[in-house]
Amino acid sequence: MLLPVGIRGQCIVKRVRTKIQHPSTFSLALAFANQNVRRISNRVVAQRRGFHNTVSCNLNRILFDVSEIDEQDNISKDGESLATVTFPKEDYRTIHIAKVLGLHNGDTIRAGSVRSPIEDNCLAGLITDDATIQWLPEGKIKKAQPTKNGEPPGSVQISIPHPPLTSLWNERNTTTSTSDDDIDESDVPKVSLLLALPRPLQLGRILPMIAQLGVDQLILTNAKKVPKDYFGSHIFRKPNVLRSMLIEGLAQSGDVRLPHVTVTKRLKIFMEDELDDMFPPEEYIRVIAHPKRKDESREEMRMSDITLSGAQRILVAVGPEGGWEEPYELDMFKEKGFQQITLGNRVLRSDVAVVSLLALAHEVVSTKK
């Protein structure tokens with residue numbers, strides 16, 4: 001096991017200094033020690049680079065935006081494809097298809113186009129397990145297949161079959177009416193999340209998890225124990241960054257539905273003015289998670305104790321890692337009909353709490369219809 005470079009170098013210098021008394025000899029020894037430190041540093045860097053080069057992103061479905069679809073008629077000239085999308089050679093999806101999947105011309109792949117809640121493009125939300133690929137060699141490479149070292153030979157074109165066998169396609173094109181009542185939403189997530197904003201780095205880890213588990217709406221809000229500077233994160237300055245994190249989770253789970261994201265810096269105003277419109281009480285059961293205090297006499301309530309009572313959806317509120325402010329914020333949620341539940345008396349990190357509560361909420365919705 002290698003010591004950290006700085007500590008290893010200090011050990012070498014200290015050992016040499018104790019054995020060598022002559023200044024010139026010590027200088028030579030010190031130069032030798034520095035050379036060893038540089039060699040160790042370069043080896044550590046090489047190990048790190050090798051690690052990152054070998055780690056692949058698990059894409060269980062290759063996803064793309066509608067804007068990436070090749071500009072052509074909706075139905076391709078051969079009449080067999082609904083649409084095609086071409087990824088450049090350096091695109092992470094192209095590299096995944098070549099290095100990890102090792103696909104050749106004509107092989108099939110799971111693919112789909114991302115659909116946001118406000119997306120009205122007819123090509124948004126496509127899902128298929130039968131998309132075909134075609135390599136487009138570039139430069140000196142002539143063979144339309146991955147190279148011996150797994151590198152892509154060039155860009156890759158994915159063809160979506162016509163029609164794609166997917167519920168989203170059927171919802172948009174086989175119904176005789178455009179009314180929302182005629183659309184089957186059985187696959188739409190029935191769980192929404194109100195989350196007190198965690199640290200930006202932690203939020204970057206949580207967003208893919210939220211998309212993987214399936215959330216209809218995500219509310220990122222302020223709270224008493226949330227520092228105001230969290231809202232200055234680059235995630236909020238660049239919406240594409242937040243979107244890409246959610247798409248990462250969708251690619252893992254194989255879904256194409258992006259949750260609707262709302263960011264609010266004033267929790268009290270949101271609770272008073274927007275909560276009932278976004279989450280009608282007759283449609284949503286509202287629950288708030290908070291650690292149980294050891295000296296608390298109130299009877300402990302778990303997610304499994306929640307009854308839907310005619311409602312078919314659940315809104316889960318998860319606080320900051322320091323917990324919701326007591327009693328002010330807890331009373332505010334209680335006045336809005338939130339039932340307080342707990343995962344025990346342990347104070348959990350936001351990512352652990354979110355994953356646990358969303359999994360339990362999905363189980364409640366699926367078993368108590």
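pLDDT is the predictor's confidence in each residue, on a scale from 0 to 100. Here the chain averages a pLDDT of 81, and 74% of the residues score at least 70. This is a predicted model, so to speak, with local features needing pLDDT of at least 70, side-chain atom pairs counting only at pLDDT 80 or more, and totals for chains, interfaces and linings using all residues. Residues are numbered from 1 along each chain as its sequence is written, and side-chain values use heavy atoms, with hydrogens and water left out.

**The parallel sheet**

- Strands here are DSSP runs (E, at least two residues), numbered from the N terminus.
- Six of them make an open sheet of 6 strands with parallel pairing, in the order β8-β7-β6-β10-β9-β11; two strands pair if DSSP finds at least two bridges between them.
- At the edges sit β8 and β11 (339–341), each pairing on one side only.
- Neighbouring strands of this sheet are turned by 20° against each other on average, direction ignored; the axes are lines fitted to C-alpha atoms, and angles run from 0 to 180 degrees between N-to-C directions.
- Inside the sheet, β6 (residues 191–196) runs parallel to β7 (residues 217–221), and 4 bridges join them.
- L195 has L220 in β7 as its bridge partner.

- T264 counts as buried because its relative accessibility is 9%, and buried means under 20% relative accessible area (exposed is over 50%, partly exposed in between; 1.4 Å probe, protein chains only).
- Leaving out residues up to four places away in sequence, T264 touches I219, L220, T221, N222, F231 and F270.
- The T264 side chain also reaches the backbone oxygen of R266 at 3.4 Å.

**The antiparallel pairings**

- β3 (residues 108–113) pairs with β4 (residues 127–137) in the antiparallel sense over 4 bridges, and I109 has A131 in β4 as its bridge partner.
- β4 pairs with β5 (residues 154–161) as well, again antiparallel, over 6 bridges.

Conventions:
A polar contact is a pair of N or O atoms within 3.5 Å; within protein, one must be able to donate a hydrogen and the other to accept it, and residues adjacent in sequence count only if both atoms are side-chain atoms. Contact means heavy atoms within 4.5 Å.
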